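Please open the structure in your viewer and keep the selection tool at hand.

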Amino acid sequence: MADKAQYAALPSMSFQDATLQNGLQIYSIEDHSSPTVAVQVWYHVGSKDDPDGRSGFAHLFEHMMFKGNEHLTPDTFEALTENVGGENNAYTAPDVTVYHEVVPSNYLEPILWAEAERMSSLALNDTNFNSERDVVKEEYRQRILANPYGEFSLAIDQKSFAAHPYKRPGIGNIAELDASHLPEVKAFHSTFYRPDNATLIVVGDFKTTDLETWTKKYFGPIARPTEKIPRVTVAEPPRKEDGHDVLSSAKAPLPAFAVTYLAPSVRSSDEPALDLADEILSGGQSSRLYQSLVYEQQVAQRASFSADLREDLGLLTFRVIVASGKSLPEAEKSLNDQIEKVLKNGVSEAELDKAKNRFLTGKLMERETNDGKASALGEAAVIYRDANHINTDLAKYQAVTTSQIKGVLNKYLSGKKKVLIEYLPEANKEAAKPAETKNP
């Protein structure tokens with residue numbers, strides 16, 4: 001069995017934190033091991049905060065933030081990053097939108113200036129709005145419409161959440177993007193892109209005194225709005241009955257299905273055990289679901305499980321693409337058999353040790369880079385609401401036992417109401433039969 005002290009005894013990351021008068025939170029790790037620095041700005045706004053009838057707004061705004069202002073050209077971030085051997089990008093998640101750069105350390109000051117500029121003001125005009133909306137629409141066409149299982153992926157959240165805005169697609173949809181107007185975009189920026197809704201993370205080769213000077217110089221003058229930041233207060237109701245939806249697509253080459261269960265917040269004490277259960281059931285070709293459904297029984301082309309825990313609540317999802325020549329009922333029965341087996345018998349010590357090694361190795365490798373450290377620190381500070389989580393999380397994973405794995409799976413699966421989403425090739429829709437909905 002793995003040495004439990006191996007990870008718990010790792011040296012902790014020493015970070016500094018400060019908060020400006022306008023509410024901007026700043027976390028930093030000074031590390032001179034390489035002449036680079038990672039900068040991230042975490043805005044506490046994600047797709048769950050999209051206005052009603054405007055799904056994709058947070059994602060659209062991620063694009064708008066690169067369009068410049070009176071001091072920034074649309075090429076400024078490329079000039080300050082890629083042109084000097086660095087990189088920059090951004091992503092939108094259900095709970096946050098994150099902008100990140102890695103640059104030679106002598107470019108830290110101009111990066112901080114540029115991030116402060118686009119926090120304080122943007123070139124929000126019809127030309128930029130229309131061009132970026134078209135970019136997002138094309139992204140939707142490529143990632144969703146052109147993907148044989150793209151609409152199936154969107155349907156999993158849409159059908160699994162009854163009330164919470166996690167049901168809205170983060171990428172948006174073309175009809176709601178077309179219906180949006182520039183004043184709505186301006187209102188979104190003033191509502192959420194403000195210093196008291198942002199967290200600045202800086203990791204790498206810098207002097208703490210310089211960082212303090214520059215953050216006060218560039219971010220300090222940005223005014224803190226008096227309006228209260230709106231937060232999602234919708235509570236997802238407990239499921240009272242099983243759900244079953246049948247969708248079809250002319251693009252789907254093979255039938256697929258997903259089974260979902262509601263799960264806790266990412267801040268739940270059950271998170272480490274659920275994450276490791278994810279690894280045991282679905283982590284690579286030696287995982288339980290792959291070995292059973294894909295390799296041994298050959299009823300599935302793909303089989304996976306995900307413990308997707310978010311800020312407000314999460315979703316446990318089993319997802320299967322049926323193998324050619326096999327039927328949907330066959331694959332569903334095989335999956336249910338595997339679920340019943342793990343709920344009844346749990347997992348072995350060998351499976352758990354392997355899962356810990358894979359999971360923790362991945363985490364440690366991520367934290368070898370300045371950008372990886374910044375991401376871990378940002379997630380700790382913003383999502384977990386505890387920056388020191390970066391120093392305690394790995395030990396919690398190492399302490400998980402096989403009985404805890406069995407316990408959390410039974411807690412959230414056994415006897416719980418599930419949603420079954422079937423996704424059929426168009427020709428199979430009429431022949432589809434109601435699937436087995438018995439709970440494991």
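This is a predicted model: local features need pLDDT of at least 70, side-chain atom pairs count only at pLDDT 80 or more; totals for chains, interfaces and linings use all residues.

Next, select S8 (residues 256–263) together with S11 (residues 419–425). In which sense do S8 and S11 pair? Their pairing is antiparallel, over five bridges. Within this pair, Phe257 stands opposite Glu422 of S11.

In soluble globular proteins, nonpolar side chains tend to be buried together. Select Phe257, Leu316, Phe318, Leu335 and Ile405: these residues have the most contacts inside the largest nonpolar core, which has 67 residues. Helix H14 (residues 370–383) gives the most to this core, with seven residues. Apart from it lies another core, of 47 residues, including Leu112, Leu124, Trp214 and Ile229.

Return to Leu316 and display its surroundings. Beyond residues up to four places away in sequence, Leu316 touches several residues, among them Val259, Tyr261, Leu274, Phe305, Tyr412 and Leu413.

**A pair of helices.** Two packed helices are described by the angle between their axes and the distance between the axes. Select helix H10 (residues 271–282) and helix H13 (residues 349–366), which pack at an angle of about 105° with their axes 9 Å apart. H10 is therefore roughly perpendicular to H13. To view the contact, show Asp275, Leu276, Glu279 and Ile280 in H10, which meet Glu351, Leu352, Ala355, Lys356, Arg358 and Phe359 in H13. By class, this contact has five nonpolar, no polar and five charged residues.

**A loop residue.** Finally, select Pro225, in the loop between helix H9 (208–218) and strand S7 (243–249). Is Pro225 buried, partly exposed or exposed? Its relative accessibility is 26%, so Pro225 counts as partly exposed. Leaving aside neighbours within four places in sequence, Pro225 is in contact with Arg194 and Asp196. To finish, select Val419 as well: the C-alpha atoms of Pro225 and Val419 are separated by 42 Å, and the two residues are 194 residues apart along the chain.

Definitions and conventions:
Residues are numbered from 1 along each chain as its sequence is written. Side-chain values use heavy atoms; hydrogens and water are left out. Helices (H or I, at least four residues) and strands (E, at least two) are DSSP runs, numbered from the N terminus. Buried means under 20% relative accessible area, exposed over 50%, partly exposed in between (1.4 Å probe, protein chains only). Contact means heavy atoms within 4.5 Å. A nonpolar core is a set of buried Ala, Val, Leu, Ile, Met, Phe, Trp, Tyr and Cys residues joined through side-chain atoms within 4.5 Å. Two strands pair if DSSP finds at least two bridges between them. Axes are lines fitted to C-alpha atoms, for helices over the stretch in contact, and angles run from 0 to 180 degrees between N-to-C directions. Angles under 35 degrees count as roughly parallel, over 145 as roughly antiparallel, 65 to 115 as roughly perpendicular and the rest as oblique. Ala, Val, Leu, Ile, Met, Phe, Trp, Tyr, Cys and Pro count as nonpolar, Asp, Glu, Lys and Arg as charged, and the others, Gly among them, as polar.
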